[in-house]
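Please read the following report beside the sequence and the three-dimensional view. Some terms carry cut-offs, and these are given where each term comes up.

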Amino acid sequence: MTLDTTPTTSWARAGVTLPTLIVAPAPEPDDEERTETPPPPTRCPECDGAGFFVADVPYGHPRFGELIPCRCKLAERQRRQSAQIARMSNLQSFRDLTFATFDPDVPGVRKAYLRALDFARQPRGWLLLFGPCGIGKTHLAAAAANQALDRNERVLFAVVPDLLDHLRSTFGPSSEVAYDERFELVRTVPLLVLDDLGTESATAWAREKLYQIVNHRYNLELPTVITSNRAPEQLDQRILSRMFQRAFAGEILRVSAEDYRRQIGSGQSSPPATT
Ligand SMILES: Nc1ncnc2c1ncn2[C@@H]1O[C@H](COP(=O)(O)OP(=O)(O)OP(=O)(O)O)[C@@H](O)[C@H]1O
Ligand SMILES: [Mg+2]
Ligand SMILES: [Zn+2]
């Protein structure tokens with residue numbers, strides 16, 4: 001006998017034979033969410049709210065008693081997974097920095113905009129954005145990361161000085177921590193943004209940690225965006241030499257434009273999204 005695995009009529013309704021589903025209490029809404037009216041609870045008509053079907057097979061069949069998740073259960077898992085990916089991304093304060101809110105007509109930024117757009121479509125290799133303050137490096141890096149997040153891909157937006165603060169407090173001299181989740185994530189996440197490289201305090205320790213991260217991602221060819229307002233030559237030579245491997249890293253984009261923050265200040269452009 002062939003077994004139909006679609007949770008339709010060939011599966012018996014869960015009904016009273018199913019064990020009671022233990023539903024985890026919903027997390028406390030934060031202040032922002034508290035003001036919204038929660039949607040009325042809906043009971044899935046397919047499984048009558050049970051979340052699962054039991055296989056409609058006779059006693060003795062290997063799949064007898066097996067629980068098959070209903071479509072509503074699978075959708076709920078997907079939603080939970082997306083929420084977790086979004087939380088992990090650290091992009092919460094950068095969600096409004098998108099390609100749609102970036103003005104590519106600002107003189108000097110078009111090439112970087114097009115390269116970032118191209119990178120965001122299918123992150124591969126490295127995207128290296130260099131240039132003075134306020135020209136949109138963080139904006140473009142966040143836009144690429146946001147686009148990947150919208151596709152439900154795992155991304156991490158790390159502001160380098162903050163990341164090093166975290167690592168210092170975790171791996172401090174008195175710490176016995178041998179493994180750190182965040183450090184592991186920075187090394188291995190499918191898309192990483194290292195924003196503001198070169199502004200961190202350049203202690204030997206910090207240089208070493210950053211080198212370890214960059215080198216790991218270099219060896220594994222993991223998609224990475226790096227922004228910096230330093231001249232590339234001022235960075236750790238070991239990192240720089242990896243950036244210069246053009247076939248992998250592409251070119252270092254040196255963006256030369258006016259500080260957008262100042263343009264806004266002088267009223268020449270529309271208000272920007274905040275960083
Ligand atoms: N071309 C642009 N279109 C729209 N907004 C822009 C543009 N360029 C910059 N901005 C806005 O200007 C502000 C500064 O940009 P951003 O933070 O990306 O600069 P940056 O190059 O990362 O500067 P820094 O080196 O100081 O970190 C942000 O609010 C950003 O959204
Ligand atoms: Mg920046
Ligand atoms: Zn259901």
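## Basis and overall make-up

This is a predicted model, in which local features need pLDDT of at least 70 and side-chain atom pairs count only at pLDDT 80 or more, while totals for chains, interfaces and linings use all residues. Residues are numbered from 1 along each chain as its sequence is written, and chains are lettered from A and ligands numbered from 1 in the order in which they are written.

The protein has 10 helices and seven strands, where helices (H or I, at least four residues) and strands (E, at least two) are DSSP runs numbered from the N terminus. Of its 275 residues, 27% count as buried; a residue is buried if 20 or more other C-beta atoms, placed from the backbone, lie within 10 Å of its own, exposed if 12 or fewer do, and partly exposed in between. Among contacts between residues at least 6 apart in sequence, 78% join residues at least 24 apart, a contact being two C-beta atoms, placed from the backbone, within 7 Å.

## The parallel sheet

Five strands, in the order β4-β5-β6-β3-β7, form an open sheet with parallel pairing; two strands pair if DSSP finds at least two bridges between them. The edge strands, each of which pairs on one side only, are β4 (155–159) and β7 (252–254). Neighbouring strands are turned against each other by 15 degrees on average, direction ignored, with axes fitted to C-alpha atoms (for helices over the stretch in contact) and angles running from 0 to 180 degrees between N-to-C directions.

Strands β4 and β5 are joined in the parallel sense over five bridges, and L156 has L192 in β5 as its bridge partner. Strand β5 (residues 191–195) also runs parallel to β6 (residues 224–228), to which three bridges join it, and here V193 stands opposite V225.

## Nonpolar cores

A nonpolar core is a set of buried Ala, Val, Leu, Ile, Met, Phe, Trp, Tyr and Cys residues joined through C-beta atoms within 7 Å. The largest one has 48 residues, and those with the most contacts inside it are A116, L140, A144, A145 and A158. Helix α4 (residues 137–150) gives the most to this core, namely eight residues.

Leaving aside residues up to four places away in sequence, A158 touches N90, L163, V186, L192, V193, L194 and D195. A second, separate core of five residues includes A50, F53, V54 and C70.

## Two residues with positive phi

Most residues other than glycine have a negative phi. D196, in the loop between β5 and α7, has a positive phi near 70 degrees, and this residue counts as buried because it has 21 C-beta neighbours inside 10 Å.

E221, in the loop between α7 and β6, is likewise not a glycine and has a positive phi of about 55 degrees. E221 is exposed, with 12 other C-beta atoms within 10 Å.
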